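Work through the exercises below with the structure open beside you. Try each task before reading its solution.

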Amino acid sequence: MVSLLDGWPIRVAIPLGLVLSILVVWSLDRPQGKWGTALRKRFLFGVPWGTLVSVVGVVAVYLFVQGGWDHWRNPVTVAFASWSYLYPLGMLLGSFSHAGPGHLIGNMTSTLALAPLAEYYFSHYPTERGEESGSSWRTNPWIRAFVLFPLGAIVIGLGTSVLAWGPVIGFSGVVFAFVGFALVRYPLGTIVALSAQGVVSTLYQAFLDPRILGEASTSFSRPWWFGIAVQGHTLGFFLGAVAGVYLLRKRDVRSSALRTWTGSFVLLMSLSLWALWWYRGLEKYVLFRGLGVLFVLALSILVTVAVRTTDREAFGPTVRQAGTVLLLIPLVAMAGIAVPINLTTVDGDGTADVGSAVEIDGYTVMYAENVPNQKVSVIDVSLGGETTQVNTSGVIVVNENREIWSREVSKGQLAHAGRRTVRVGGVGWQKAVHVKREGWSASGGGTAYQVWLRSDSNRWKHVFSSDAVTADPVLAGKQVSIAVHRDRFTLELSANNSTVASGPLPAPSSSITLRGVTFERTNDRIVAVIDDTRVQVAKKETYGS
């Protein structure tokens, strides 16, 4: 039985309700409203075709290049990030690939909300005096809608890859370019468009899952600001703003300093461009919130000055040139930093001593702990107590031919989930490497664990064993430890810092005795028994999803 609150009834009702609402507003506003006419003056048939073509292109990359069609929630990502100038494929596809469905949907809903305003400013029809539609290929509305605007998005995407400080994956740099481009002409309209992103996202999620059930659960999570590509977003914003300012000057459009500054500050704050963060040890990160607010203020003033100096009547040529230079300085600075970073290569020697691994068509998949992150630590810089020399732990993927060095699954993620699948590949192919962790936690102590890797065509391969851990309870003057020997867990009794007895963990519903101490295993717990005393000393590690 289909519930009225779930399934196809509500899915049909959502688009019908949206269409009905638009028809009601149109009928009420028709005598005075000219919004339909305004859209047709700028858009071919009143539709932002360039935006739609861009969205279809990015989704196609996810589905057919990254393999999202067959593995929607776990596509190939490591092969399609912008790792290095020496790996052109990554540079070409990094800005148009995505790390997962949430990443893709977030960027596409933002594009659908913000890109149409940028495209409206660009216009499918000439807006300059003396130019007529179709007088040349540049003024042909079909070419402007289906070629030039999507081509502009591609150029910006390539720019955000080439000038990024390290690996980039995702369309967000281009989304910020749409923001910067539209902002210089319609600052307050861009704020409204940003609000529409939440509307588009909610409509999509409501249609996809009309009703969801939530319950309390444990989860592995990092701070919400971890992973925000502030440099890439800033770069995209500047590229869009420079293009927008150029168009302002070419069309001789006047601007308001107050509106531009207000729009810039509110937008960049709302888009979390103030979230400047860095690594602080393993699974620890630091957020420079105060510095980030000052950063956004500086960007807002910079954009306002550049936009305001486009007014020919108020400012002379020298002042206008100075405004342009101010906007170009950050781009030149970012490019100067990006070039040496993206010319670095992966050093295979740094991974030679990290233990066993799985080799697949040029990829090396391994598990390692507390090793230097070769992509974050590419250039040794220390500033304000922070450093680029960062260590990391987890499942690492290396491909020296593609200049790839990536921690794909962190130690914490694997400890929470227990199992993960990493996909490697390239255009037209992909293969999976499965990872699993098993561990036993000592009462009051840490966890002893092991990690295995397996490709689809091979057996599980033991690649990592942790150090032994010791339980808090002391039994007849002896301490109990959980250790790993030759990929097997063992129990050890020690006294005076030396091992006096050891043996394998008992099988389920069985027991072993070491030096007068009996260890009984009931389900996933181990209890030590001496005379009439029973003490739990270990518990099998459990995992979430």
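**Exercise 1: Two loop residues**

Phe 45 sits in the loop that joins α2 (35–42) to α3 (49–65). The model is a predicted one.

Task: State the phi of Phe 45 and decide whether Phe 45 is buried or exposed.

Solution. 
Step 1. The phi of Phe 45 is positive, about 60°, although Phe 45 is not a glycine.
Step 2. The relative accessible area of Phe 45 is 57%. A residue counts as exposed when this value is over 50%, so Phe 45 is exposed.

Solution. 
Step 1. Asp 531, a residue other than glycine, has a positive phi near 55°.
Step 2. Its relative accessible area is 73%. The cut-off for exposed is again over 50%, so Asp 531 is exposed.

**Exercise 2: A covered helix**

Task: Find how many residues of α7 are buried, and which helices they pack against.

Solution. 
Step 1. Helix α7 covers residues 172–183, which makes 12 residues. From its first C-alpha to its last it reaches 16 Å, close to the expected 16 Å.
Step 2. Of its 12 residues, 12 are buried. Among them are Gly 173, Phe 176, Phe 178 and Phe 181.
Step 3. The buried residues of α7 pack against α5 (101–122), α6 (141–162), α8 (187–208), α9 (230–251) and α10.

**Exercise 3: Nonpolar cores**

Task: Name the residues with the most contacts inside the largest nonpolar core, then list what Phe 178 touches.

Solution. 
Step 1. The largest nonpolar core has 66 residues, and Phe 171, Phe 178, Val 184 and Leu 327 have the most contacts inside it.
Step 2. Leaving out residues up to four places away in sequence, Phe 178 touches Thr 111, Ala 115, Ala 118, Phe 149, Ala 153 and Phe 171.

**Exercise 4: A helix pair**

Task: Describe how α10 and α11 pack.

Solution. 
Step 1. Two packed helices are described by the angle between their axes and the distance between the axes.
Step 2. For α10 (residues 257–270) and α11 (residues 289–308) the angle is about 150° and the axes are 9 Å apart. The crossing of α10 and α11 is right-handed.
Step 3. The contact includes Trp 261, Phe 265 and Leu 268 of α10, and Val 296, Ile 301 and Arg 308 of α11.
Step 4. Sorted by class, the contact of α10 with α11 has 12 nonpolar, 4 polar and 1 charged residues.

Note on methods. Residues numbered from 1 in each chain as written. Predicted model: local features only at pLDDT ≥ 70, side-chain atom pairs only at ≥ 80, totals over all residues. Heavy atoms only, no water. Axes fitted to C-alpha atoms, helices over the stretch in contact; angles between N-to-C directions. Helix = DSSP H or I, 4+ residues; strand = E, 2+ residues; numbered from the N terminus. Left-handed = near helix turned anticlockwise from the far one by under 90°. Contact = heavy atoms within 4.5 Å. Nonpolar A, V, L, I, M, F, W, Y, C, P; charged D, E, K, R; others polar. Core = buried A, V, L, I, M, F, W, Y, C linked by side-chain atoms within 4.5 Å. Buried < 20%, exposed > 50% of the residue type's maximum accessible area, 1.4 Å probe, protein only. Expected span 1.5 Å × (residues − 1).
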